[in-house]
Amino acid sequence: MIIRAFSRRWQFSLLCLLVLGAPVALAQEAPIKFGKVTAADFVAAPADSAAPAVMLCDFGQSKIVGGREGFHLEFVRTARLLIRRKAGYEWATVDVPLYRNGEQAELLKNLKGLTYNLVNGKLVQEKMADNAIFKENQDKNHLRYRFTLPNVREGSIIEFTYTVESDFLFNLQNWQFQHTIPTHWSEYRTVIPAYFRYKQITRSFLPFAVQEEKAVGYSATFTQRIPGTGSTEDYSISTQALSSRWAMQHVPALNEEPYMTAMRDYFSSIEFELSSIQYPNQEPKDVAATWESIADDLLKEEKFGADLKQKPLLAAQLSGLSLRYPDPRERAAAVVAIVQNSLKYNGEERLYFEKTLADAVKRGSGNAAEVNMLLVQSLRAVGLEAHPLILSTRSHGHVLESMPVLNNFNYVVAHISLANNKELLADATEPVVPVGMLPRRCLNGKGRLLKSPTESRWVSLTPQHQQVQLSTSALALQPSGALKGTTHWEWNGYEGTAARMTEPKELVTQLQHQLGDDTTPPSAAQWKNQQDPTLPLKLDLPLALDGADDKPATIYLTPLLRLGLSTNPFRSESRFFPVDFGVTRDETHQLSITLPAGMAVAEKPQSLTLALPENGGKFFFSCTQEGNKVQFVSRLQLTKVQYSAAEYTALREFYTRIVAKHAEPLVLSTAARP
């Protein structure tokens with residue numbers, strides 16, 4: 001089967017050469033042959049017992065080959081999977097992404113699929129029908145084919161194979177060795193003739209079972225047009241090619257864990273970028289993008305930087321702002337407020353405008369690029385040195401600083417240069433985020449500052465602000481075990497932005513549910529600093545926690561399980577990738593409990609101090625008694641934004657001991673009552 005997508009060969013100038021040729025085949029035998037399934041393949045390994053599906057083998061080959069119309073890429077993939085449960089049925093639907101540019105597009109061909117089932121001990125196979133294949137246009141540069149294997153049930157084996165031919169030599173197929181299901185064997189091979197140089201980026205926290213490369217022979221026959229005659233001559237050429245092979249074995253499933261950025265950051269994979277081309281008798285030609293060329297293209301782009309040179313769209317609202325706010329930070333904050341009043345964020349993380357800034361202002365709503373490029377334009381209008389800073393959000397994935405690829409970015413914010421080499425970052429999409437802070441979704445490594453085509457640099461996105469939470473509670477214990485009193489809460493930094501994003505009544509309700517108070521009306525809450533995101537958000541609330549119906553002789557209290565950390569988010573015993581909090585953390589809870597007459601402390605938790613290696617964090621806990629008052633203090637501090645995989649075991653144990661300490665009860669007893 002051949003599926004065409006407006007194919008037209010890429011033409012190149014090589015003294016008007018048309019090249020024919022193919023690399024010498026790799027010596028290694030392929031790890032899988034399509035259509036060669038046996039009954040033994042249906043036996044699942046014990047380690048896969050919990051998996052919905054298993055990738056038995058995934059094999060890909062990419063090579064650059066010659067043809068009468070020029071060099072092109074040929075990628076062949078063959079995969080075989082065991083479907084173990086209904087939850088694994090989704091793996092029977094496969095997407096094949098293709099690239100296109102205008103009328104020119106990659107070509108999908110030789111697509112075949114089979115489903116195997118054991119029926120009464122016999123192996124039965126069913127071919128995929130043509131009507132199970134669908135084409136979807138995604139955008140002007142991308143389309144995909146989607147197909148679904150037939151008659152899939154629990155215990156089925158499915159396999160498929162296809163070829164992608166591409167005239168886009170820059171689009172050498174990347175390869176992903178790891179998936180969200182276990183993989184027994186994943187292998188990728190490439191053969192690249194000496195004319196082409198590719199940058200290679202390997203992402204992996206797992207070792208390769210095979211990683212090798214060697215030089216192999218490469219021969220081709222080409223036809224050259226003789227100038228002025230219209231005739232042609234045939235020539236044969238020989239050169240070397242680089243043959244590479246990578247394989248991973250027994251690759252565990254990668255499942256979503258707490259405090260991750262995009263999943264694609266952690267899958268074991270290889271990515272490529274065409275760096276240079278050098279044909280015979282020609283000088284090498286650099287074809288890879290540079291950070292300078294990316295900056296130049298973006299600043300000239302009509303849907304990005306071109307509007308910065310136009311007359312400020314909010315000139316009337318900005319008039320007189322420079323005199324009213326001589327302090328640059330206060331002036332920037334005033335500009336942010338004006339932009340937010342003029343253009344509401346629609347929730348779309350984008351690097352480009354939908355149309356123009358003027359159109360967005362007219363609509364009254366816009367994506368992140370429209371809101372924040374309007375901010376850059378407006379900041380400049382009031383005399384501030386502002387420039388766009390592009391970044392990749394946490395859900396979009398990390399940016400590779402060594403590989404200038406524009407597609408790695410999906411967001412832009414404003415960068416403001418201040419006196420004494422100080423700088424300020426601003427984002428107008430969220431009213432609860434003050435100037436100098438970015439929304440938490442933006443806290444992802446570094447961003448690229450675009451001052452001019454020749455002046456761009458990396459800027460750290462690591463925030464100066466912490467995630468800070470403080471609670472102070474004063475409660476009186478009743479003979480029934482009920483607790484009554486007041487609680488005071490403060491949320492600052494990134495904890496403050498998160499709290500302000502929740503409706504006040506809902507936040508009170510959530511807090512009451514956490515503390516176990518189902519009687520105090522939310523209207524009893526008293527707020528401070530609700531409208532000023534630069535100050536801590538404060539809440540004072542009466543608190544009433546029910547006790548027993550009778551008067552128990554012994555009372556067990558674990559208040560810190562409600563006030564502070566109560567569960568360990570790190571449940572996996574091991575982790576192959578970092579823990580990325582995005583921000584540092586400081587959480588303090590103070591509690592005073594006044595005991596009634598006739599009640600004494602029978603047992604109380606012991607004080608505890610914990611510290612992570614290399615000053616990575618600390619925890620302090622104390623429970624003290626003075627007269628008829630028992631006081632608790634719990635403070636958790638995490639001083640690093642990111643903890644490596646090597647630090648995971650210590651971090652997990654750190655959390656385990658904190659939860660265990662919070663779970664230790666305060667035991668109170670009373671004398672016999674009449």
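Biologist: What covers the buried residues of H7?

Modeller: In this predicted model, the cover includes E26, E27, H8 and strand E29 (537–545).

Biologist: What makes H7 mostly covered?

Modeller: A residue is called buried when its relative accessible area is under 20%, and 7 of the 8 residues of H7 are buried. They are Gly493, Tyr494, Glu495, Gly496, Thr497, Ala499 and Arg500.

Biologist: Why is Cys57 called buried?

Modeller: Its relative accessible area is 8%, and the cut-off is under 20%; Cys57 is therefore buried.

Biologist: Why does Cys623 count as buried?

Modeller: Cys623 has 1% relative accessibility. Since buried means under 20%, Cys623 therefore counts as buried.

Biologist: How many disulfides does a search of the whole structure find?

Modeller: The search finds 0 disulfides. A disulfide would require a pair of cysteine sulfur atoms within 2.5 Å.

Biologist: What volume does the second largest pocket have, and which residues are closest to its centre?

Modeller: The volume is about 560 Å³. Of the 26 lining residues, Gln469, Glu495, Gln514, Arg585 and Glu587 are the closest to the centre.

Biologist: Which elements each supply at least two residues of that lining, and which gives the most?

Modeller: Among those supplying at least two are strand E26 (467–477), helix H7 (493–500) and strand E32 (585–594). H8 gives the most, with 4 residues.

Biologist: What is the make-up of the lining by class?

Modeller: The lining of the second largest pocket has 13 nonpolar, 8 polar and 5 charged residues.

How values were computed: Residues numbered from 1 in each chain as written. Predicted model: local features only at pLDDT ≥ 70, side-chain atom pairs only at ≥ 80, totals over all residues. Heavy atoms only, no water. 1 Å grid on protein atoms, 1.4 Å probe; cavity = no way out; pocket = protein on both sides within 12 Å on 5 of 7 lines; lining within 4 Å. Points joined across faces, edges and corners; volume = space filled by probe spheres on them. Nonpolar A, V, L, I, M, F, W, Y, C, P; charged D, E, K, R; others polar. Buried < 20%, exposed > 50% of the residue type's maximum accessible area, 1.4 Å probe, protein only. Contact = heavy atoms within 4.5 Å.
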